[in-house]
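Hello,

Here is the structure I promised to pass on to you. Have a look at it first, and then read on for what turned up in it.

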Amino acid sequence: MRTRTLISLSLISLPPLLILFLSTGAVLLAPDKLFAGGPYSVIVYGIRLPAAIAAALIGSTLAVSGAVMQTLYRNPLLDPYITGTASGAAFGALLAYVLVIAGLSPAYMLLYQVPLAFLLAMAASVATLAVGRGNVYATVIGGVAVSYIFSAATTIGLSYLSSRLPQIPPLAFWLFGYIDYVSYKADALLAIAATGLIAAAVREARRMDLVAISDELAHVRRIRPDRYRLLWISAISLSTALIVSQVGVVGFLGLMVPHMARMALRNGSATAVVPASAALGAPVLLASDALARGLLGFSIPVTAITSVLSAPVIILALAHAGKRLDR
């Protein structure tokens, strides 16, 4: 399949998935009710439509983040969830509530919550990559350890803070993500982050392919690989910090979607996978969150769905990585 074909199919799937998303939730709505106005308009346009927009933007952003990390570090098992980036961001975002208790206005929380989440996301990413030192499996194990540490810190911190501020989102939000209540203002910020990250990744895809081949070749083309990778980790950590501060941790999507794109395209280059992942991430997360929001008859965190969907992809990626290391 060609990249343009995959992008076109992804775009064509968006309208029916959007209708499905708007119909599902605590109250199931028939499609004819979506445009009936009246009391339904509050549910559709005030709650579900901004959540649907957020899901599409987050899906594209995380998918491109995973594609970039897998390419630059030559590791098919990386994404912001595996490296602990998202868990670090969750702990940083939770720390913002300490500042609220200290007296800062919650009306301006975004101004200090996202920077805190970014700093902890960067710390988690750098720690994982330092532990892994380029080894495929050591990086994954290091990421799991870092994720556990930050998840434990989030659990302990939330146990204390929720007694002081009952309005803090529950533990399931911070560990597994809920794309339920997102404002249009947050959508605008997510759109800026998604547009910037995707545009830069598509433009830099050829340079990423050079870094993926070898550091020596990158130096010949005047690219400093370590500095280049750190720049991209910073951009991905910032995008992840914004996402986690709004909807919590959404896991495995950044790992799953780039591999789906590679399998469909039969092409592993960044020039093909990055734009395809950007297009495919949106419908995959829209469908996953529609399932999580009520299609099963009850509501569950979105990471519960993406975990199940990604399992066969992870197994295939592990098998492929094992064969590559055995050569």
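Let me start with the cavity. Helix H10 (residues 225-247) gives the largest share of the lining of the largest cavity, three residues. Helices here are DSSP runs of H or I with at least four residues, numbered from the N terminus.

Before going further, two notes on reading the model. It is a predicted model, in which local features need pLDDT of at least 70 and side-chain atom pairs count only at pLDDT 80 or more, while totals for chains, interfaces and linings use all residues. Residues are numbered from 1 along each chain as its sequence is written, and side-chain values use heavy atoms, with hydrogens and water left out.

Back to the cavity: a cavity is a set of points, on a 1 Å grid over the protein atoms alone, where a 1.4 Å probe fits but cannot get out, and lining residues have an atom within 4 Å of a point. The count comes to one cavity of 30 Å³ or more, and the largest has a volume of about 60 Å³, volume being the space filled by probe spheres set on the points. Its lining includes Leu62, Asp79, Tyr81 and Ile243. By class, there are eight nonpolar, three polar and one charged residues in that lining; Asp, Glu, Lys and Arg count as charged, Ala, Val, Leu, Ile, Met, Phe, Trp, Tyr, Cys and Pro as nonpolar, and the others as polar.

Next, the cores. A nonpolar core is a set of buried Ala, Val, Leu, Ile, Met, Phe, Trp, Tyr and Cys residues joined through side-chain atoms within 4.5 Å, and buried means under 20% relative accessible area with a 1.4 Å probe, protein chains only. The largest core has 62 residues, of which Ile58, Tyr97, Ile168 and Trp174 touch the most other members. A second, separate core of 31 residues includes Ala205 and Trp232.

Which aromatic rings pair up? The whole structure has four aromatic pairs, meaning Phe, Tyr or Trp rings (for Trp the six-membered one) with centres within 6.5 Å; planes over 60 degrees apart count as edge-to-face. Tyr97 and Trp174 have ring centres 6.3 Å apart and planes at 80°, so this pair is edge-to-face. Tyr97 sits in helix H3 (residues 85-102) and Trp174 in helix H6 (residues 171-176), so the pair ties together parts 77 residues apart in sequence. Ring pairs link Tyr97, Phe173 and Trp174 into a cluster.

Enjoy exploring!

Notes. 1 Å grid on protein atoms, 1.4 Å probe; cavity = no way out; pocket = protein on both sides within 12 Å on 5 of 7 lines; lining within 4 Å. Helix = DSSP H or I, 4+ residues; strand = E, 2+ residues; numbered from the N terminus. Buried < 20%, exposed > 50% of the residue type's maximum accessible area, 1.4 Å probe, protein only. Phe/Tyr/Trp six-rings, centres within 6.5 Å; stacked < 30°, edge-to-face > 60°.
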